[in-house]
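Here is a short briefing for a first look. Take the sequence and the structure together.

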Amino acid sequence: MLHLDRRSFVKAMGVTGIGVTLAACSTDGSGEVSKGGKAASTGKLSGTATLTTWGASQEIAAFKKIAAAFKAARGAGVKIEVLPYDQIRTVIDRRLQANQAPDLFRVSYTDVRGYAASGALADLSEYMDPSYGNAFLPALWGAMTLDGKPVGVPHQTDTSALAYNKQHFQAAGITEVPSRLEGAWTWEQFVEVLKKLKAANLGAAPFAFNYQLFGAYRWFNTLYQTGGSVLDDSLKKVTLDTPQARKALEFTKSLYTQGLHAPSVLVKRPTYPDDIFPTQKISMIQTGDFLIPSLEAAIKNKFEWGVTYLMRDTGAATDLGGNGVVVTQQAKNKEVAAEFAKFLVTKENMTMFCEQTGELPVRKDLVNAKLNYAVRPELMAVFQKQATTMPSALVKVSTAPAFPGINQALVDNMDQYLSNASSTTDSVIQGLTASIEKALKAQA
C-alpha cells in the first residue's frame with residue numbers, strides 16, 4: 001500500500017495559483033480560451049439544458065450561481081433539478097431506460113465507467129481540444145473517459161475524516177485529539193476513546209461510519225488501513241480472502257458488538273450519521289469534507305465540534321470521493337450541455353464552488369492553492385492532509401468499470417454480518433467475493 005505526502009499525492013494523482021471570481025467568459029478546462037472548431041467556447045448559444053443533481057443547500061446555490069453566469073455569458077439556460085442523494089441513481093437509471101434522460105447529471109467517479117460502458121453517455125471529443133484533459137488530475141480525468149473519449153468533466157473531490165463533539169469528549173475525560181496526521185489514533189487508541197465515551201453515559205452512541213448505500217465503498221478505508229486490498233493489480237482477481245481483510249471486517253464488527261457504534265447506522269439503510277451528529281445522539285462520526293457547511297448550519301451554537309484524522313492500523317488510508325458531471329447520449333441539447341460542463345470547471349468557477357461548499361478542487365492549478373473556504377476553513381486543512389493517504393491501488397479500483405457492482409456487493413452483504421452476531425467472517429468474505437466476481441464478469 002502506498003502512502004503519499006502532499007507533493008507525492010499531487011504527482012501520483014497527477015499534479016500547482018488561484019482565481020477568486022466567478023467566470024464571466026467561457027474558457028476551456030485549462031483556463032485559456034479554446035481555439036478552433038466546435039471546441040471553441042466563446043460564441044452565443046440558444047436553448048436550455050437540464051442538470052440533475054443532489055446536493056446540500058450550499059452546493060445547489062453554487063450550481064445555480066454558475067448557471068446564471070453561463071446564461072449571461074453564453075445566452076443558453078441551464079435548469080438545476082435537485083433529487084435526494086439516495087434516489088439519484090435509481091431515478092437516472094429509470095429515465096435512461098425510458099429515453100427521458102436529463103442533458104447532464106452529477107455522478108460519483110465510482111459510477112462513471114459503468115454508465116459509459118453501457119452507452120448511456122455522450123462522447124464529447126468534438127467539444128474539447130485534445131489537450132483539454134491536461135488541466136485535471138490524471139486519475140480523475142481518466143475516470144471521466146472511456147477508451148480515451150471524454151464523457152464529462154471531473155468537478156471536485158472529497159475524502160473522509162473524523163468529526164467529534166467537543167463537549168462529549170470533555171465529559172468523557174478525553175483531553176487531547178491528534179493534531180498531526182502522523183499522530184492519528186491507532187485502532188487500539190481509537191477503541192479506547194470510544195470506550196471512554198460509552199462509559200460517560202452521555203445518551204449518545206460513541207461513533208458511526210459514513211458508509212451508507214452509494215457510499216458503501218468508504219468501508220474500504222478500514223480495509224486498506226490494514227494493508228488489505230479489494231482486487232489484485234490486474235483488477236481481475238478478488239483479494240478479500242486474506243488475514244488483512246479478516247482483521248478489517250472483525251474490527252468493524254467489534255465496534256457493533258461492543259456497543260461502540262450506533263446500531264441503526266448500517267450499510268443498506270439511508271440512515272446518515274451526519275443527520276444524527278447535530279442532534280448529539282452520536283459523539284463522533286466519519287464524515288466527508290463536503291458536509292462541513294451543512295453540519296455547521298445544523299449545529300449552529302448547540303455545541304462545539306472539531307475534526308481530526310482517521311484512525312490507522314498498519315498504515316493510514318482514506319477513500320477517493322467526489323463527483324464529475326456527465327452528458328447523456330439522449331441529451332436534447334448536447335452542445336449546451338457540453339459547454340456548460342466545461343464552464344463548471346473553469347479555474348474561477350471551480351474555485352468558487354469549492355470555497356462555498358467545502359470541497360477539494362481537481363484542477364492541477366488549484367491542487368496546491370490556499371482556498372478561501374467560506375465555512376470553518378481550519379477544518380479543511382485536516383481533510384487536505386488526510387487526502388494524501390489515498391492508496392493508489394484504491395484509486396484504481398474506485399475508478400474501474402466494475403466498481404458500481406463492487407459497491408453494491410458491500411450493500412448486499414455487510415448488513416447481515418454487522419447486525420447479526422452469528423454471521424461469520426468466512427460467510428461475508430464468501431458473499432463479497434462471489435458478488436464482486438459476478439460484477440467483474442459482467443464488465444469483461
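How far apart are the end C-alpha atoms of helix α16 (residues 403-419)? They are 25 Å apart. At 1.5 Å a residue, its 17 residues should span 24 Å, so the two values agree. The expected span is 1.5 Å times one less than the number of residues.

This is a predicted model, where local features need pLDDT of at least 70, side-chain atom pairs count only at pLDDT 80 or more, and totals for chains, interfaces and linings use all residues. Residues are numbered from 1 along each chain as its sequence is written, and side-chain values use heavy atoms, leaving out hydrogens and water.

**Helix α16**
- A kink of about 35 degrees is centred on N413; the bend is the angle between axes fitted to the seven residues ending there and the seven starting there.
- Among the buried residues are F403, N413 and Y417.
- Their cover includes α3 (88-97), α9 (243-257) and α17 (425-443).

**Helices α2 and α12**
- α2 (residues 57-74) packs against α12 (residues 334-344) at an angle of about 120 degrees, with the axes 10 Å apart.
- Contact (heavy atoms within 4.5 Å) involves residues including F63 and F70 of α2 and F340 and F343 of α12.

**Residue T52**
- T52 lies in strand β1 (residues 48-53).
- T52 is buried, at 0% relative accessible area.
- Beyond its neighbours within four places in sequence, T52 contacts residues including E81, I88 and F105.

Key:
Helices (H or I, at least four residues) and strands (E, at least two) are DSSP runs, numbered from the N terminus. Buried means under 20% relative accessible area, exposed over 50%, partly exposed in between (1.4 Å probe, protein chains only). Axes are lines fitted to C-alpha atoms, for helices over the stretch in contact, and angles run from 0 to 180 degrees between N-to-C directions.
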